[in-house]
Amino acid sequence: MKKLKGTKKNIIFLPYKASMWDSMESIWQTANEDKIFCNTYVIPIPYADLNHDGSVAKWHHEINLFPKNVPVLDCKKINLKKLKPDVIFFHNPYDNYNRVTSIDSNFYSANLKKLTKYLIYVPYYATTGLMSESQSYMPSYDNADYIMIQSEAMRSFFAPTIPNEKFLPFGSPKFDRAIQMCKKAPKIPEKWQEKIEGKKVYFYNTSLGGLLHDTEKFLQKMKYVFKTFDGRDDCCLLWRPHPLIDATLSSMRSEAQKNYNELKKFFIDHEIGIYDETPDIDKSIAISDVYIGDTKTSVTSLFGVAGKPTFFLNNNINRPPKENDWRGKTLMNFQPESKDWMITQGNKLYHAPNHDFNYKYYCDLSDYASGNYYKHVLEIEDKVYVFPFYAQDILIIKDKKIEKKIPLKKFANERHLNLFSEVIKIEDDIFIIPNHYPEIICYNIKTDEIKYIGGIRNFFLQPTNFDIWRKSFGVWKENLLLASPNTRAILLLNLKNYSMQRIDLPTNQPTKSGFISMIQDEENFYLMPYEEKTITCLNMKNKSIRDYANYPEGFQCYQMPRGKLSNSRPFIGAICDEEEILLIPYWANMFVRMNKKTGRMTEWKTPFEVENKIRNGYFNYIRKFILNSSQDKKEIYIENCAERQWYKFKTETKEFEKINMQFDIEELKEHANGFEKQSEWNPYGCFEGALSSLEQLLDDNLPGKKFDKEIQLKAYEKFNASPNGNSGEKIYKFIKEKMS
């Protein structure tokens, strides 16, 4: 260490909410102990709740809420300029870009930078790996000299335009405090003693993300959780709502404020548990035994690094599971082209050896338990080929073992996007159609050779919401046709030489909407619209275009899963015969039959009830029906998503044959997910579902793997550069070197 030159340095900490002080505390503690080198000043700054129009609703200054051992100064009595701070730490990055709260403008980052040599942003949150896209860039990052991050793995979540030298991957003071607090049992508040004694304590976290995603379901979930704990003598619910929930409801969800307040009153009046509004979350974590709540929140990461179980709630679920609710997740990935094989939740491969839809466990496909890593299965000769959805490799399986794993070119997928859509087999080549992956992949089953076909990313991806839709492709002679989701355009990819030709389709429609899916009928390709309601028929033989839009009376679209009226995505596809086509609803409220020659449309009465709302959270879905067919077009399958029930459609008689898919429920439980590594970006935990309910958690009879503290701590090291809880020491050492 260099010798100190000149006078002592002044280090300023500018927290705003007392409950967020833990994001700075370990840095302050280390600096404060070094009396020879520096002076430390903790100066809480005012912040305001905002109305919906951005005006100030109420000012707060939480100077009296900080821990008693932290000497705080009143910012109204301090002249920062006269203090001549050498370093300023801040943790509100928004300046004037937050709709819910705002700090005093005197403390915006541009103003702070004028006062100091080193302006350092320390995030007020911590994460299990995923980070909100809204946090990737803030103007305050430009003003900051350094940005503290949990680990090197977190750099990729921030905008690439931010210089790498700004990032300090030292861990998080929030982790420091949680780790240290859990090592020494804190004193339990006296008023909590009676409620906790002799019971297992479940920390219930209600986050802003869950609240804003679907407020109605979020409140229903709260009610379900409260009723589940009500009257139990063996456990205690410690409910800690996010400190900004009231302000957020007032500003952004005012219509839900009354229901939330009634739920809070119910919880308190019925003495269901502990209502925790203390400023110190880490004491509450140390007191608690188990976390329950949302996944994408700082609190889960704090429980993770502290080595305590995390049970992730599904906010769509608002009742205990019933007899057949396991079907909701288990049957959601059936693929008719490989109907003897099915990938179930937890990336488990099941097989129906007698070709009778009676499935038995075959093998695991991944070390991760989160579903949808793989989607398509093809049985070719004596091998089983498994193709990715989230994953980035191809699996070759033989005799219930993964014989070979063929890696694909790595694409950064920190946000856990669905990378691939469908697979098409043409002779010995299998083409993997992308969603968010930047290229089409051609895999040869004879040679294992991989070819990448680029130049399609901008064509496929919507620039506004990064959206993409399945089944928007077809095959015409030696060409693969790809439909754009956001423009009326078709891309022809020659499968021999990979040359490309774009075809822009004319339209009289005012929008520039593209297509959600494509159905082939010999040389005719029927293109289902994304935003508008016009169905377009493209004849590839003579390149003619015909539009159909004469819908039956009463035709409407309802956005799923909320069941709200929409103008988007009427159909997922169609079944074609010589004279007419049967249009299958995506968000439409009816099946429609359309005469090919006249274009006349009438409602097609089917055995299915077209539901406009989700029946229950175990069957959550975004499409009302799914259409699929074998590649030789001889078998056509339709799924009624509301029931997870598949039917085979007989084109000659126009009859539906119900398919009875069977699983042994005890075998499903035997291979169910318990506490496991969930994904690259969710290190460890257990998800609520039909086979792992909240009631089972409380009764300690969850199926699957039991909680293992050592596995969890090891998994979290990827996202915590200071697993021993010393990130504050690291950043102080760094800045001291800079100033010495």
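Biologist: What makes β1 and β2 a pair of strands?

Modeller: Two strands pair if DSSP finds at least two bridges between them, and β1 (residues 9–14) is joined to β2 by five bridges, so they qualify. They run parallel. Strands here are DSSP runs (E, at least two residues), and helices are runs of H or I with at least four, numbered from the N terminus. This is a predicted model, where local features need pLDDT of at least 70, side-chain atom pairs count only at pLDDT 80 or more, and totals for chains, interfaces and linings use all residues. Residues are numbered from 1 along each chain as its sequence is written, and side-chain values use heavy atoms, with hydrogens and water left out.

Biologist: Why are β2 and β9 called edge strands?

Modeller: The open sheet has six strands, ordered β2-β1-β5-β7-β8-β9, with parallel pairing. β2 (38–42) and β9 (167–169) each pair on one side only, so they are its edges.

Biologist: How do you know that helix α18 packs on the sheet?

Modeller: Contact means heavy atoms within 4.5 Å, and helix α18 (residues 727–739) touches strands including β1, β2 and β7.

Biologist: What makes a nonpolar core?

Modeller: Buried Ala, Val, Leu, Ile, Met, Phe, Trp, Tyr and Cys residues, joined through side-chain atoms within 4.5 Å. Buried means under 20% relative accessible area (1.4 Å probe, protein chains only). The largest one has 119 residues, and Phe229, Leu237 and Ile292 touch the most other members. A second, separate core of 37 residues includes Tyr41 and Leu83.

Key. Buried < 20%, exposed > 50% of the residue type's maximum accessible area, 1.4 Å probe, protein only. Axes fitted to C-alpha atoms, helices over the stretch in contact; angles between N-to-C directions.
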